[in-house]
Amino acid sequence: MKTYNIAVLAGDGIGPEVMAEAIKVLDACAERFEFAFNYRHAFVGGAAIDTVGEALPPSTLACCEQSDAILFGSVGGPAWTHLPPDQQPERAALLKLRQHFDLFCNLRPAKFYQGFNHLSPLRSDICAKGMDILCLRELTSGIYFGAKERTATAASDTQTYQRDEIRRIAIKAFQAAQARRQKVTSIDKANVMASGILWREVVNEIAQDFPDISVEHMYVDNAAMQLIRDPSQFDVMLCDNLFGDILSDELAAISGSMGLLPSASINSQGFGLYEPAGGSAPDIAGLSIANPMAQILSAALMLRHSFAEEAAASAIENAVAACLQTHCVTRDLDPNQTVSTAQVGDTIAQMI
Ligand code: NAI
Ligand code: MG
């Protein structure tokens, strides 16, 4: 039987609560689709700082290296905000993992689910047209990683993109569009940025290898507007690191629930880290009311992108949609509900 080794890094706050439900659902998948998971639990984030003194201990990194994928919860919380920035759980754990494994491709799907449009801050007639967007953000280059300088009177950040860095994320975007609605919208600021001109040039080159995909270029300021005017026009959005950071948060706000948004960060070998888009939600940790769907949907992305188990990935996504339809939801989705984190996990696992 095929066995997948998963490094399970639950982390802090609601991380362990929602992770338990994701594992329940993965176990249900293993049973139905006849493969096996070997879970290797490891400390990360604040929990690791408290036990061994650093957010990403060498033993945890080794565990990740020896696994086929990383299923990540969330890290951070008020107990660790006094630490210097580079020792804070998020930076010390996540940034290091991204760089160590060269996780250049960040995938952030966001959609409206039938019956839950009212969670969106957008007008109902706009929501009625639907939204199903996959945002790809370049994650290991661009302005966050360029040379920085600071003098008494000035400061600068540098954005540099190599052709190859644009190529590899663009290829991921076109491949993703093939399995979706055959459209890529590439975001840049080619009217004022040299790196934007190169971005557009390289995307057009890659487009030639994907004649079945329609490509559109959009300036980022226009994209920010179009997203709230009519998000139904987008399929795959391709962004650099900075623009992807901003637009993916706009997408999260538009979709209306943090608890529903998964993410994937993958490298060219298909190795990846999968985590909910939200944080450790310390305000609701320990109350059994966290929505586990984002963590469960992150597990589905892991099955799709790291293990090529498309049937199992779709089964999870369909089960989550079905669970939403039966209105078995935590109170972030419906304040009148008293359904617990575990009840949502049980329902989804059953539906698998
Ligand atoms: P957050 O995403 O943890 O919480 C924002 C709001 O969304 C809160 O009201 C929270 O209760 C709610 N929320 C988030 N996930 C939810 C879920 N699954 N179900 C129901 N409600 C949910 O962001 P915040 O408050 O800015 O950060 C809290 C901590 O998390 C901080 O220490 C921050 O550094 C860390 N963080 C970690 C991330 C990661 O591990 N990748 C990402 C973002 C924040
Ligand atoms: Mg997270």
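Q: What makes the two domains of this predicted model, and where do their bounds fall?
A: Domain 1 takes residues 1-116 + 257-352, and domain 2 takes 130-244. These bounds come from an automatic or database domain assignment. The C-alpha centres of the two domains lie 26 Å apart.

Q: How many residues does each domain give to the contact between domain 1 and domain 2?
A: Domain 1 gives 15 residues and domain 2 gives 15 residues. A pair counts as a contact if the C-beta atoms, placed from the backbone, lie within 7 Å.

Q: Which elements give two or more residues to the side of domain 1 that touches domain 2?
A: Helix H4 (89-100) and strand E4 (105-111) do. E4 gives the most, with 7 residues. By class, this side of domain 1 holds 7 nonpolar, 4 polar and 4 charged residues.

Q: Why is H1 called roughly parallel to H12?
A: The axes of H1 (residues 15-33) and H12 (residues 341-351) cross at roughly 15°. Angles under 35 degrees count as roughly parallel. Therefore H1 is roughly parallel to H12. Their axes come within 9 Å, and the crossing is right-handed.

Q: Which residues make the contact of H1 with H12?
A: H1 supplies Glu17, Val18, Glu21, Lys24, Val25 and Ala28. H12 supplies Thr341, Ala342, Val344, Gly345, Ile348 and Ala349. The classes are 7 nonpolar, 2 polar and 3 charged. Gly345 belongs to this contact, and Gly counts as polar here.

Q: Why is H10 called roughly antiparallel to H11?
A: H10 (residues 293-305) and H11 (residues 310-325) pack at an angle of about 160°. Angles over 145 degrees count as roughly antiparallel. Therefore H10 is roughly antiparallel to H11. The two axes are 7 Å apart. H10 passes H11 in a left-handed crossing.

Q: What classes of residue make up the contact of H10 with H11?
A: There are 10 nonpolar, no polar and 3 charged residues. From H10 come Met293, Ile296, Leu297, Ala299, Ala300, Leu303 and Arg304. From H11 come Glu310, Ala312, Ala313, Ile316, Glu317 and Val320. Arg and Glu count as charged.

Q: How many residues surround ligand 1, and which are the closest?
A: The shell has 22 residues. The closest are Gly76, Gly259, Gly278, Gly279 and Asn291. A residue joins the shell if its C-beta atom, placed from the backbone, lies within 6 Å.

Q: How do the residues of the shell around ligand 1 divide by class?
A: They divide into 10 nonpolar, 8 polar and 4 charged.

Definitions and conventions: Residues numbered from 1 in each chain as written. Chains lettered and ligands numbered in written order. Predicted model: local features only at pLDDT ≥ 70, side-chain atom pairs only at ≥ 80, totals over all residues. Axes fitted to C-alpha atoms, helices over the stretch in contact; angles between N-to-C directions. Helix = DSSP H or I, 4+ residues; strand = E, 2+ residues; numbered from the N terminus. Parallel < 35°, antiparallel > 145°, perpendicular 65-115°, else oblique. Left-handed = near helix turned anticlockwise from the far one by under 90°. Contact = placed C-beta atoms within 7 Å.
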